[in-house]
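Trainee: Could we go through the charged side chains in this one together?

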Amino acid sequence: MTVHPIVVYGEPVLHRKADPVTEFDADLVALVDDMFETLKLSNGVGLAAPQIGIGKQIYVYDADDEVAGVRRRGVFVNPVLVANKIPDGPPDPHDESEGCLSVPALDFPLKRSSKVTVQGKDVAGNTVSLTVEGWFARIMQHEFDHLQGTLYVDRLQGRWKKDWKKQQKKLGYTEPGISWMPGEDEDPFGH
């Protein structure tokens, strides 16, 4: 397995819709294995192919689902996501904050739907589906957004959007060419 560098906000692949996967073959299996290894070394909970510079509709996840009381590990290829309505009101900075491996060292509050259903394919082309709630629903929405060319910071509003713009400029997350290597570079989130 190969660990891939994680590209940072400003990289063009992160800002365009990913292409559907058309070949369910050994190359796809190898890529997904690489993504799981990269995710593991990054200490993250989800990783989309655009985050490693590959504009394909694939994401992997590996995290505790506290609502269901289980650990979930899997992959979605060419996913479709259906979400419940996002509740009105501002996000709670303590319970609704989000971070991203492609926006290192930052987190901001963001309102998300509390329940989603995702349907897609696995690496063999079989249909897979998952309905989740709570924090795990946040993970699914976050990773799905990556495949649409949207990062969570693009959804921020009000003072959080202003804070993000200041940090973006300060950290240089405006130009392509920035990346970090899980397992080699210092963990930007301090895990």
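Mentor: What follows is a short walk through salt bridges and one lysine. This is a predicted model, where local features need pLDDT of at least 70, side-chain atom pairs count only at pLDDT 80 or more, and totals for chains, interfaces and linings use all residues. Residues are numbered from 1 along each chain as its sequence is written, and side-chain values use heavy atoms, with hydrogens and water left out.

Trainee: OK, how many salt bridges are there?

Mentor: The count comes to 10, taking a salt bridge as a side-chain nitrogen of Lys or Arg within 4 Å of a carboxyl oxygen of Asp or Glu.

Trainee: Which residue pairs with E98?

Mentor: E98 meets R112 at 2.8 Å, N to O, and this pair links strand β5 (residues 97-100) to the loop between β6 and β7, 14 residues apart. R112 also forms a salt bridge with D145, with the closest N and O atoms 2.9 Å apart, and D145 lies in helix α2 (residues 134-147), 33 residues from R112.

Trainee: Is R112 buried or exposed?

Mentor: R112 counts as buried because its relative accessibility is 7%, where buried means under 20% relative accessible area, exposed over 50% and partly exposed in between, with a 1.4 Å probe and protein chains only. E98 is buried too, at 4%.

Trainee: And what about K85 and D88, which also meet in a salt bridge?

Mentor: Their N to O distance is 3.6 Å; K85 counts as exposed at 64%, and D88 likewise at 66%.

Trainee: Switching topic, where is K111?

Mentor: K111 is in the loop between β6 (103-109) and β7 (115-121).

Definitions and conventions: Helices (H or I, at least four residues) and strands (E, at least two) are DSSP runs, numbered from the N terminus.
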